[in-house]
Structures are given as C-alpha cells and as structure tokens.
Amino acid sequence: MTASQPDLLHVRSWYGLRAELGVEDRLWHLVRVGPVTMSHPPVVNTFLRAGLPEAERLRLSYLHEFGHLQTLPLAFAHAVAVLWAGLRQRRSFEGWVGWFLGAFLAHEATWELISEAYVVLGDRAAYRETYRRHPNPFSLLFWAGMASLSLGLTFALVRRISTR
Ligand SMILES: [Zn+2]
C-alpha cells in the first residue's frame, strides 16, 4: 500500500484489482474500484476502533478496508457456495424472503470476519499490543458474534434441503 494523498489510499489487491480506500470521513467509508464507488457505514471500524488513538484507529481501519478488497474472492466463493446450495432447494415465497435475508447476513458476517482476520494476520504483534493498551469491550462481542452468525447461518442455509 502506498499513500499518495493524506486521506485516499491507492491500493492494488493480490489478484490485480486496483482500488482507492478512504476511511477518514467518520460517517462513511469509501472503496472505489474503477468507476464504481461503494460507500458504506463503517460499522465494524467504529465499534472495534472505539477508544483507540487516531494513528492506530486509522492504521487498523485502512487495513480492514484493504482486507475487504483482498478477501473479495473468498467472500465471492462463499456467496456462490451458499447460493448454489440454496437455489436447488424448494420453499415458499416467505421461505425465500427469509432465506435471502439469512444469506445476506451470512455473507456480511463472513466478509467482516475474514477482513478483520486479515488485519490480525497482517498486523500481528502491533494488533495485540494496540488492544492490550486500549482494551475494547466490543472486541469479544465482534469475534463471537460474527463467527456464530457466519458459521451458524452458513451451515443452516447450506444444510437445509427444503423448507415447507
Ligand atoms: Zn468491514
């Protein structure tokens, strides 16, 4: 990663996709891939970085957004696997609404989980040191919550052969 502007980071993923990342607008984060701009509320970064000094908050937030880009193929593979298993099942209209909601949640939880795991693996000792000095009450909640959402929902969605 190289910083060319103070707040917009130009990055290139391991599979060649280039993007621009912005995290310092406190309300919205930005990922721009070519002409496509995806703004999203920094939910995970807001909670997980609560109480961190600015420099550390920025470092980890950028890494997390970059993690989304780097793990995009994994997130995509997960979505395809869930859809492939789910679309072969039979269910009522209400069943389909619930199923797609579940699939969306499972996808989001999985992608947040692997993006933050990317931060932990990339930052290693510094990550541990940061959270040792600034304990975060949401940390355990994030890992436990996202892991059970991701694994629980994915398993339930893929395993179920048919609902009503
Ligand atoms: Zn995220």
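How many helices and how many strands are there in the protein chain? With the whole chain selected in this predicted model, you will find five helices and seven strands, and if you walk along them from the N terminus, the elements run β-β-β-β-β-α-α-α-β-α-α-β. The chain has 164 residues, of which 26% count as buried, and among contacts between residues at least 6 apart in sequence, 66% join residues at least 24 apart.

Next, colour the chain by confidence. The pLDDT averages 85 over the protein chain, and 90% of the residues score at least 70. Confidence is lowest in strand 1, residues 2-3, with a mean of 44, whereas helix 4 has the highest mean, at 93. Select residues 2-6 as well, where the pLDDT is below 50 and where the model shows three contacts beyond near neighbours in sequence.

Now select helix 3 (residues 72-87) together with helix 4 (residues 93-133), and look at how the two pack. Two packed helices are described by the angle between their axes and the distance between those axes. Here the angle is about 155° and the axes lie 10 Å apart; since angles over 145 degrees count as roughly antiparallel, helix 3 and helix 4 are therefore roughly antiparallel to each other. Their crossing is right-handed.

Sorted by class, the contact has ten nonpolar and four polar residues, and no charged ones.

Stay on helix 4 and move along to Arg-124, which is found in this helix. Is Arg-124 buried or exposed? Arg-124 counts as exposed because it has 10 C-beta neighbours inside 10 Å, and the cut-off for that class is 12 or fewer. Check its backbone too: most residues other than glycine have a negative phi, but phi of Arg-124 is near 35°, a positive value.

Finally, go to Val-23, in the loop between strand 3 (18-22) and strand 4 (29-33).

Conventions:
Residues numbered from 1 in each chain as written. Predicted model: local features only at pLDDT ≥ 70, side-chain atom pairs only at ≥ 80, totals over all residues. Axes fitted to C-alpha atoms, helices over the stretch in contact; angles between N-to-C directions. Helix = DSSP H or I, 4+ residues; strand = E, 2+ residues; numbered from the N terminus. Parallel < 35°, antiparallel > 145°, perpendicular 65-115°, else oblique. Left-handed = near helix turned anticlockwise from the far one by under 90°. Nonpolar A, V, L, I, M, F, W, Y, C, P; charged D, E, K, R; others polar. pLDDT = per-residue confidence, 0-100. Contact = placed C-beta atoms within 7 Å. Buried ≥ 20, exposed ≤ 12 C-beta atoms within 10 Å, placed from the backbone.
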